[in-house]
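Me: I'm new to reading protein models. Could you walk me through a few features, one at a time?

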Amino acid sequence: MAFESTKSYYSISEVTKIASVPAYLLRYWENFFTELNPSRDTRGNRRYTNRDIAMVLHIKELVYEKGYKLGKASELIKGKPRDTEEDHKTAEILRLQKQMGNDKNRFHTIEERRTLLLREIKLEIEEMLQMLG
């Protein structure tokens, strides 16, 4: 969902639609990431600004797309120096997980082909036995 940049404040339900994350996760991130701190109206409802929404989308990118744990994502947002060794390890782990998923799919396809071939062989043997006997 695109959001209107002319609007000053957004409710938590609007932000959940914009960022495609549930409200409980936004509330949890507010406790974990001090940089994400929406103001409140007189009734205590959260009022997210465009800056808050940008922060939510950045956190989502770090956690969901780049695979960082919340602690590391928090460090990156706070601007602490990166441990490039850890970044390389994370990238390698993500690459290996993707490769394992591909290998699993490839194995499943090979297993299906093998099963079909064995069924065909079985049918041919049964036909030969009927012809002989």
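Me: Where is the place of Ser-20?

Reply: Ser-20 is in the loop between α1 and α2. Keep in mind that this is a predicted model.

Me: Is Ser-20 buried or exposed?

Reply: The relative accessibility of Ser-20 is 56%, so it counts as exposed. The cut-off for exposed is over 50%.

Me: Okay, on to the helices. How do α1 and α2 cross?

Reply: In general, two packed helices are described by the angle between their axes and the distance between the axes. Here, the axes of α1 (residues 12-19) and α2 (residues 23-32) come within 9 Å and cross at roughly 100°. Angles of 65 to 115 degrees count as roughly perpendicular, so that's how α1 and α2 lie to each other.

Me: Which residues make the contact?

Reply: From α1 you get Ile-12, Val-15 and Thr-16, and from α2 you get Ala-23, Leu-26 and Arg-27. Sorted by class, that's four nonpolar, one polar and one charged residues.

Me: Tell me about Arg-27, then. What does it touch?

Reply: Leaving out residues up to four places away in sequence, Arg-27 touches Ile-12 and Arg-46. The C-alpha atoms of Arg-27 and Ile-12 are separated by 9.0 Å, though the two are 15 residues apart along the chain. Arg-27 has a relative accessible area of 36%, so it is partly exposed.

Me: Which residues in α1 are buried?

Reply: Those are Ile-12, Val-15, Thr-16, Ile-18 and Ala-19. Look down the axis of α1 and its buried residues fall within an arc of 165°, so they line one face of the helix. Their cover includes α2, β2 (46-47) and α3.

Me: And the nonpolar core, how do I read that?

Reply: The general idea is that in soluble globular proteins, nonpolar side chains tend to be buried together. In this model the largest nonpolar core has 21 residues, and Leu-26, Trp-29, Leu-36 and Tyr-48 touch the most other members. The elements giving two or more residues to this core are α1, α2, α3 (50-65) and α4 (70-78). With five residues, α3 gives the most.

Me: What does Tyr-48 touch?

Reply: Not counting residues up to four places away in sequence, its partners include Ile-12 and Val-15, along with Leu-26, Leu-36 and Ile-53.

Definitions and conventions. Residues numbered from 1 in each chain as written. Predicted model: local features only at pLDDT ≥ 70, side-chain atom pairs only at ≥ 80, totals over all residues. Heavy atoms only, no water. Axes fitted to C-alpha atoms, helices over the stretch in contact; angles between N-to-C directions. Helix = DSSP H or I, 4+ residues; strand = E, 2+ residues; numbered from the N terminus. Parallel < 35°, antiparallel > 145°, perpendicular 65-115°, else oblique. Contact = heavy atoms within 4.5 Å. Nonpolar A, V, L, I, M, F, W, Y, C, P; charged D, E, K, R; others polar. Core = buried A, V, L, I, M, F, W, Y, C linked by side-chain atoms within 4.5 Å. Buried < 20%, exposed > 50% of the residue type's maximum accessible area, 1.4 Å probe, protein only. Arc of directions from axis to C-beta.
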